[in-house]
Amino acid sequence: LGDDDLETRTPATITTPEGLQAEFLRIRYSGVGYDREEFAAGVVCVAAPLFGPEGECRAAMSITGPAHRLGLDRLAPAVRTAALG
């Protein structure tokens with residue numbers, strides 16, 4: 001790996017700092033993060049942060065499962081709502 005490259009796990013893996021930064025901006029805007037077979041082929045995830053009393057991210061909650069069974073766009077609002085509650 002070069003100094004600016006990230007480890008490639010699958011063809012969907014984000015492998016550049018610029019790509020990762022863009023993903024962080026999408027997460028900040030939407031309040032949820034996705035793993036669309038980026039870490040393991042056939043496995044997807046949607047996650048949302050859990051914030052502490054000072055507004056700091058203390059943890060996260062997620063749903064992970066087989067790509068062919070999970071509709072991430074359908075589950076994302078539920079994960080985000082659960083994290084807020």
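**A close look at T13**

Reply: Leaving aside residues up to four places away in sequence, T13 touches E7, T8 and E38, where contact means heavy atoms within 4.5 Å. The model is a predicted one, in which local features need pLDDT of at least 70 and side-chain atom pairs count only at pLDDT 80 or more, while totals for chains, interfaces and linings use all residues. Residues are numbered from 1 along each chain as its sequence is written, and side-chain values use heavy atoms, with hydrogens and water left out.

T13 lies in the segment before α1 (17-30); helices (H or I, at least four residues) and strands (E, at least two) are DSSP runs, numbered from the N terminus. The relative accessible area of T13 is 14%, so T13 counts as buried (under 20%; exposed is over 50%, partly exposed in between; 1.4 Å probe, protein chains only). The T13 side chain reaches the backbone nitrogen of T10 at 2.9 Å.

Next, the sheet. Three strands form an open sheet in the order β1-β2-β3, with antiparallel pairing; two strands pair if DSSP finds at least two bridges between them. β1 (33-36) and β3 (57-66) are the edge strands, each pairing on one side only. On average, neighbouring strands of this sheet are turned by 20° against each other, direction ignored. Strand β2 (residues 43-51) runs antiparallel to β3 and is joined to it by nine bridges. P49 stands opposite A60 in β3.

Helix α2 (residues 72-84) packs on this sheet and touches β1, β2 and β3. The direction of α2 makes about 20° with that of β2; axes are lines fitted to C-alpha atoms, for helices over the stretch in contact, and angles run from 0 to 180 degrees between N-to-C directions.

Technical notes
A polar contact is a pair of N or O atoms within 3.5 Å; within protein, one must be able to donate a hydrogen and the other to accept it, and residues adjacent in sequence count only if both atoms are side-chain atoms.
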